[in-house]
Amino acid sequence: MGFVGAGGLGQQMDLSLRMFAGGEVASMLLTFLLLVLLADQLSRLLRSNGNMPAARAVLEHALPLAEEGGGQVLAHQLWYELARVALESGMRDDAQAAFHRALDRVEWLRQPLQLDFFRSSFLADKMSIYQDLAHLHANAGELEAALYYI
């Protein structure tokens with residue numbers, strides 16, 4: 001399996017990496033980054049206009065690109081946004097699953113950080129995932145699960 005799906009852009013990136021074509025790799029990574037960030041912003045715009053199905057579709061199309069080629073930071077952002085869309089659409093189970101996927105990416109990114117200071121500062125802008133999960137569980141009467149995320 002390639003970086004994206006079963007080949008395509010990921011296969012080209014792998015080939016460029018093997019040939020030490022740093023410029024090509026940088027261009028592809030920048031393209032991944034821009035496409036995912038564009039999808040994130042478009043989804044936020046659609047969500048703010050109340051078009052939840054379109055916002056969800058944009059995110060679901062961008063997620064494979066972020067997961068395979070764009071890295072865990074981008075994937076965390078898209079999963080979090082997808083969770084917000086699901087929550088605002090009244091789809092609690094989907095929101096919970098997406099929050100957990102975002103949280104998994106945050107924890108994966110945080111794991112190699114050695115000092116607690118770096119871990120704390122890393123999490124500073126990612127606390128909303130923990131807060132939203134705690135709120136989601138508390139509203140469902142799942143207090144023990146809610147306390148886990150506090």
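Visitor: What makes helix 4 largely enclosed by the rest of the structure?

Guide: The count does. Of its 17 residues, 12 are buried, so helix 4 is largely enclosed by the rest of the structure. Buried means under 20% relative accessible area, exposed means over 50%, and partly exposed lies in between, with a 1.4 Å probe and protein chains only. The buried residues are L74, A75, H76, L78, W79, Y80, E81, L82, A83, R84, V85 and A86.

Visitor: What kind of model is this, and how are residues numbered?

Guide: This is a predicted model, numbered from 1 along each chain as its sequence is written. Local features need pLDDT of at least 70, side-chain atom pairs count only at pLDDT 80 or more, and totals for chains, interfaces and linings use all residues, while side-chain values use heavy atoms, without hydrogens and water.

Visitor: How many helices and strands are in the chain?

Guide: There are 8 helices and 0 strands. Both are DSSP runs numbered from the N terminus: helices are H or I with at least four residues, strands E with at least two. Of the chain's 150 residues, 37% count as buried.

Visitor: How do you know that the span of helix 4 agrees with what it should be?

Guide: The expected span is 1.5 Å times one less than the number of residues. For the 17 residues of helix 4 that gives 24 Å, and the end C-alpha atoms are 24 Å apart, so the two agree. Helix 7 agrees too: 13 residues should span 18 Å, and its end C-alpha atoms are 18 Å apart. Helix 5 has 19 residues and reaches 26 Å, close to the 27 Å expected.

Visitor: At what angle do the axes of helix 4 and helix 7 cross?

Guide: They cross at roughly 30° and come within 11 Å. That makes helix 4 roughly parallel to helix 7, because angles under 35 degrees count as roughly parallel, over 145 as roughly antiparallel, 65 to 115 as roughly perpendicular and the rest as oblique. Axes are lines fitted to C-alpha atoms, for helices over the stretch in contact, and angles run from 0 to 180 degrees between N-to-C directions.

Visitor: Which residues make the contact?

Guide: Helix 4 gives H76, Y80, R84 and L87, and helix 7 gives S128, I129, D132 and L136. Contact means heavy atoms within 4.5 Å. Within helix 7, I129, D132 and L136 are among the buried residues.

Visitor: How many aromatic pairs does the structure hold?

Guide: It holds 2. Rings of Phe, Tyr and Trp (its six-membered ring) pair if their centres lie within 6.5 Å; planes under 30 degrees apart count as stacked, over 60 as edge-to-face and the rest as tilted. Y80 and F99 lie 5.8 Å centre to centre with 50° between the planes, and form a tilted pair. Y80 sits in helix 4 (residues 72–88) and F99 in helix 5 (residues 92–110), 19 residues apart, and the pair links distant parts of the chain. Y80 and F99 are both buried.

Visitor: Why is the pair of Y148 and Y149 called edge-to-face?

Guide: The ring centres are 4.9 Å apart and the planes stand at 90°, so the pair is edge-to-face.

Visitor: Do Y148 and Y149 count as buried or exposed?

Guide: Y148 has 65% relative accessibility and counts as exposed. Y149 has 12% and counts as buried.
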